[in-house]
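Colleague: Please put the model on screen. I'd like to go through the contacts with you.

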Amino acid sequence: MTSANIKGRKKANKSRDARPWAAIFAALGTGTFFLLLCFPALSASLVRDGLRLCALTVIPSLFPFMALSEIIIGCLPRRNTGKGKTKKTVLGLPAHCLFAIILGILCGAPVGAKCASSLYRDSKISSDEYSRLLPLCNIPSAPFVICAVGELTFKDRIFGLILYASCVISAILCGYISGAVFKFGADKGLPFHEPSSRKGEQNFSAVSLFCDSVCSAAASVISICAFVTFFYTLVGILRAVISVSPLWAPVFFGFFEMTGGTSLSPSAGDTGRYLAAAVLGWSGLSVHLQVINVCRGNSVSFKPYILSKILSFAVCPLIVLVFYCLLS
């Protein structure tokens with residue numbers, strides 16, 4: 001059998017595998033379309049509220065950090081892309097990754113994904129290191145967890161701090177486990193991205209770096225705002241038409257968007273604190289799609305990231321329970 005026949009057969013198998021997913025997405029899209037038609041006034045109000053949320057919260061909290069992270073990463077020295085072992089210093093990853101992890105922990109997703117993508121685009125990390133880095137640098141941001149969830153939703157700042165610490169520990173633990181489950185090569189001929197814009201340190205231009213960083217951050221923030229507005233509207237419509245018990249509502253709506261899930265958690269009583277932790281551990285489909293969109297077009301596997309989030313859904317509430325046991 002020729003190589004052309006083999007490639008043709010692989011393409012045919014992929015297209016067959018994609019058909020069920022295409023049907024599912026078509027059905028979901030059609031159902032959502034008719035929901036919006038049935039509630040036009042509510043839909044318009046939710047879209048306006050989602051855009052207001054983006055203007056007041058999302059853009060101020062993401063755009064400057066994304067632009068500055070691009071500038072800092074652009075100034076870092078490029079990795080040697082040849083074969084051979086590279087010294088690992090941070091959870092089995094190169095030292096460059098520490099910046100993405102710290103920024104992802106402080107500023108949340110998808111700032112961490114943007115940093116990881118910039119590291120890969122500038123040939124500072126390999127594609128396998130890129131895949132292992134994503135679960136470690138994409139968690140809910142500190143202001144959101146401590147202030148929005150802890151102080152405003154649960155009226156308890158101490159709980160917000162416990163919740164944030166649990167999110168960080170869970171992300172590192174589950175990210176390390178997921179990276180171990182999906183074993184990659186030991187830096188032997190791993191693929192690196194060949195940068196197209198900044199070719200070599202000798203051609204470094206501060207003006208070009210600044211302009212590219214600001215424009216790239218602006219484009220990313222616009223797409224993030226689109227995801228936030230879409231899922232804010234979707235969850236708002238679902239909450240209006242679907243009646244879910246207080247115990248299951250945070251998990252159901254939090255599957256799509258974590259803000260909606262955490263806002264409903266107090267209605268579940270004492271269990272609500274652990275439900276909020278589970279929702280934050282999972283982070284919501286909206287955040288996952290933002291991360292995937294930021295990394296789209298790069299040679300990266302999302303399997304470690306998705307497995308880490310599934311594990312965090314169970315591990316984060318357990319860590320909260322451990323904190324309460326230690327503090328009681």
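**Contacts and packing**

Modeller: Start with Asp-49 and Arg-52: both lie in helix α2 (residues 40–75), 3 residues apart, about one turn of the helix. Helices here are DSSP runs of H or I with at least four residues, strands are runs of E with at least two, and both are numbered from the N terminus.

Colleague: What do Asp-49 and Arg-52 form?

Modeller: A salt bridge, with 2.7 Å between the closest N and O atoms. The rule is a side-chain nitrogen of Lys or Arg within 4 Å of a carboxyl oxygen of Asp or Glu.

Colleague: And what are we looking at, by way of ground rules?

Modeller: This is a predicted model, where local features need pLDDT of at least 70 and side-chain atom pairs count only at pLDDT 80 or more, while totals for chains, interfaces and linings use all residues. Residues are numbered from 1 along each chain as its sequence is written, and side-chain values use heavy atoms, leaving out hydrogens and water.

Colleague: Back to that pair. How accessible is Asp-49?

Modeller: Asp-49 is partly exposed, at 26% relative accessibility. Arg-52 is partly exposed too, at 45%. Buried means under 20% relative accessible area, exposed means over 50%, and partly exposed is in between (1.4 Å probe, protein chains only).

Colleague: How many salt bridges in total?

Modeller: The count is 5. One of them joins Arg-121 and Asp-122, at 3.3 Å from N to O.

Colleague: Is Asp-122 buried or exposed?

Modeller: Buried, at 2% relative accessibility.

Colleague: Which residues are in the network around Arg-121?

Modeller: Arg-121, Asp-122 and Lys-124 are linked by salt bridges.

Colleague: What about Arg-273?

Modeller: The side chain of Arg-273 meets that of Asp-156 in a salt bridge, 3.3 Å from N to O. Arg-273 is in helix α11 (residues 271–282) and Asp-156 is in the loop between α6 (142–153) and α7 (157–181), so the pair ties together parts 117 residues apart in sequence. Arg-273 is partly exposed at 22%, and Asp-156 is partly exposed at 23%.

Colleague: Change of topic. What is the overall secondary structure?

Modeller: The protein has 13 helices and 0 strands. Buried residues make up 44% of its 328 residues.

Colleague: How do α2 and α8 cross?

Modeller: Their axes come within 7 Å and cross at roughly 150 degrees; α8 covers residues 206–241. That makes α2 roughly antiparallel to α8. The axes are lines fitted to C-alpha atoms over the stretch in contact, with angles from 0 to 180 degrees between N-to-C directions. Under 35 degrees is roughly parallel, over 145 roughly antiparallel, 65 to 115 roughly perpendicular, and the rest oblique.

Colleague: What sort of residues make up the contact of α2 with α8?

Modeller: By class, 26 nonpolar, 9 polar and 2 charged. Ala, Val, Leu, Ile, Met, Phe, Trp, Tyr, Cys and Pro count as nonpolar, Asp, Glu, Lys and Arg as charged, and the others, Gly among them, as polar.

Colleague: Now the rings. How many aromatic pairs?

Modeller: There are 10. Among them, Phe-33 and Phe-34 are edge-to-face, 5.8 Å centre to centre with 85 degrees between the planes. Rings of Phe, Tyr and Trp (its six-membered ring) pair if their centres lie within 6.5 Å; planes under 30 degrees apart are stacked, over 60 edge-to-face, and the rest tilted.

Colleague: How is Phe-159 paired with Tyr-324?

Modeller: Those two are stacked, 6.5 Å centre to centre with 10 degrees between the planes. The pair links distant parts of the chain, with Phe-159 in helix α7 and Tyr-324 in helix α13 (residues 303–327), 165 residues apart. Phe-159 is buried at 0%, whereas Tyr-324 is partly exposed at 25%.

Colleague: Which rings form a cluster?

Modeller: Phe-252, Phe-253, Phe-255, Phe-256 and Trp-282, linked by ring pairs.
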